[in-house]
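Trainee: Could you take me through how a few local features of a structure are read?

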Amino acid sequence: MIYLTTPTWNHSLNSQMDLVANYLNTTTIGLLSLILFCFFVYGLFKFSQGKEAPTVACAWPILGHLPLLSGSKTPHRTDTINTVITWTISLVLRNPLVLEKVKDELDIYIGKEKCVSEYDISKLTYLQAIVKESLRLYPPGPLSTPREFTENWTLRGYNIKKGTRLITNLWKIHTDNNVWENPLEFKPERFLTTHKDIDVKGHHHFELLPFGGGRRMCPGTYFGLQMVHFILASFLHSFEILSSSPDPIDMTETFGLTNTNTPLDILIKPRLSLSYYENN
Ligand code: HEM
């Protein structure tokens, strides 16, 4: 058995992400981040004076993803993706039947002789349902970025003045009991039955918006989803996972720009033959 503490866990995810970071030019992105940060501080200053501060609106979400974009060697670079994966593993560990089902799916579609490839992901419908359900309950960005009304408007009987800022509570939408049965329960099956055709891409289904929606929705949606599916599938395919403590997994959220969880300690052991690990 291998004992994984959170830093190691973050580190192992980060080494997967290092592959991705190699495509980013650290200096360019670092400089860009610095400029955005200056804009952000300037925007906050204007905002505190009660003036128009569009820079706050545009820099805020970018700051939220800055660790990811900066390419720095910190575990936070992968903030959103890392967060989704950690929440998902926590949820799966709390629901052993779900874990069994996803392992069965991986064994059927991948088998024990080869690695997961990106082309396999479309076949892994149960794994995709797990990720959707995790994004529904624990979206890393539970609040949308701010929007501003450009004219006076009436919305559901409320008169809203031009210039009013709106921040949407995405988590509240995700747990609306008019739409979701037992909204606080983790039930990936809902995405294979009652909510089969609902996707998370923010274009058609406004009851599930983990990447936001409209013109300012997350530009990293496809990349983020691809990474989450691929890392999760590879990890669950390669290792048995177990909680390191007999107590239920702590699902306490921590405060920050992303909705992160408390550190997760897990035990892992190989699921495949040793030659698989030697060759990959
Ligand atoms: C699973 C991973 C991710 C989740 C759940 C996520 C979620 C979000 C959410 C909720 C927003 C606000 C959208 C809105 O207000 O409508 C956002 C904005 C943004 N995201 Fe992500 N994100 C993820 C990954 C990424 C990645 C990988 C990148 C870049 C490679 C990225 C870059 C951005 C940027 C630049 C914005 C600001 C867009 C704008 O305001 O125009 N995100 N993201």
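Trainee: Is Cys 218 buried or exposed?

Mentor: A residue is called buried if 20 or more other C-beta atoms, placed from the backbone, lie within 10 Å of its own, exposed if 12 or fewer, and partly exposed in between. Cys 218 is buried because 22 other C-beta atoms lie within 10 Å. This is a predicted model, in which local features need pLDDT of at least 70, side-chain atom pairs count only at pLDDT 80 or more, and totals for chains, interfaces and linings use all residues. Residues are numbered from 1 along each chain as its sequence is written.

Trainee: Where does Cys 218 lie, and what does UniProt list for it?

Mentor: Cys 218 sits in the loop between helix H7 (170-174) and H8, and an unreviewed UniProt entry lists it under "binding site", although such annotations may be inferred rather than shown by experiment.

Trainee: How are two packed helices described?

Mentor: They are described by the angle between their axes and the distance between the axes. Here the axes of helix H6 (residues 125-137) and helix H8 (residues 221-238) come within 10 Å and cross at roughly 120°. H6 is therefore oblique to H8, since angles under 35 degrees count as roughly parallel, over 145 as roughly antiparallel, 65 to 115 as roughly perpendicular and the rest as oblique.

Trainee: Which residues make that contact?

Mentor: Leu 127, Gln 128 and Val 131 of H6 meet Val 228, His 229, Leu 232 and Ala 233 of H8, contact being C-beta atoms, placed from the backbone, within 7 Å.

Conventions: Axes are lines fitted to C-alpha atoms, for helices over the stretch in contact, and angles run from 0 to 180 degrees between N-to-C directions. Helices (H or I, at least four residues) and strands (E, at least two) are DSSP runs, numbered from the N terminus. Two residues are in contact if their C-beta atoms, placed from the backbone, lie within 7 Å.
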